[in-house]
Amino acid sequence: MTAVIKLFLSILILFSCAVIGICLAQKLVRRRDTLLDFDKLLHRAAVKIEYNAGELSEVFADNFAQYPFRRSAPFNIQWLGFVDSFSHVLTKSDIRMLHEFTEGLGVADSEAQRQHIALYVSLLQEHISSAREDIRNKSKMYRVIPISVGVIIALMLA
């Protein structure tokens, strides 16, 4: 009877470790995808600003997360809340860079705003490259290490 319990626990531990590894690897992919969504959002915003789409809350209203930007509240505070809603996916440096995005936005003419957005698009491209590099380098490790730990624990149970 104890052999069956040990076998069941070993299988449960291996399965749990595999799930943990898959979740860790998926977090890297979600980071990349979220940064790509921010990239698309900034490109759309630059186009809207070029064609005089109105206030910043209107320019960013059509976003990938359906975050409701309101005209009645300051845009920079809403932007910080929007970015912070992705803190479980993005790294601290990603969040810091996106927080800094609103500094100087909305205080100059449309050409200066487009240049500001272009600067942050290029900064975002660096973060996207970093996310792709992390996927290439760390994804396999995140899947292998938890399973290896699970195998070791299962062997110790046997």
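Helix axes here are lines fitted to C-alpha atoms, over the stretch in contact, and angles run from 0 to 180 degrees between N-to-C directions. This is a predicted model, where local features need pLDDT of at least 70 and side-chain atom pairs count only at pLDDT 80 or more, while totals for chains, interfaces and linings use all residues. Residues are numbered from 1 along each chain as its sequence is written, and side-chain values use heavy atoms, with hydrogens and water left out.

**Exercise 1.** Work out how α1 and α5 are oriented to each other.

*Solution.* Helices are DSSP runs (H or I, at least four residues), numbered from the N terminus.
- Start with the geometry: the axes of α1 and α5 come within 9 Å and cross at roughly 175°.
- Angles over 145 degrees count as roughly antiparallel, so α1 and α5 are roughly antiparallel to each other.
- Now sort the contact of α1 with α5 by class: 32 nonpolar, 10 polar and 10 charged residues. Ala, Val, Leu, Ile, Met, Phe, Trp, Tyr, Cys and Pro count as nonpolar, Asp, Glu, Lys and Arg as charged, and the others as polar.

**Exercise 2.** Describe the lining of the largest pocket.

*Solution.* A pocket is an open set of points on a 1 Å grid where a 1.4 Å probe fits, with protein on both sides within 12 Å along at least five of seven lines; lining residues have an atom within 4 Å of a point.
- Among the lining residues are Leu-24, Arg-31, Asp-134 and Tyr-142.
- By class, the lining has five nonpolar, one polar and four charged residues.

**Exercise 3.** Classify the ring pair Trp-79 and Phe-82.

*Solution.* Rings of Phe, Tyr and Trp (its six-membered ring) pair if their centres lie within 6.5 Å; planes under 30 degrees apart count as stacked, over 60 as edge-to-face and the rest as tilted.
- The structure holds 20 aromatic pairs.
- For Trp-79 and Phe-82, the centres are 5.5 Å apart and the planes at 55°, so this pair is tilted.

Definitions and conventions:
Helix = DSSP H or I, 4+ residues; strand = E, 2+ residues; numbered from the N terminus. Parallel < 35°, antiparallel > 145°, perpendicular 65-115°, else oblique.
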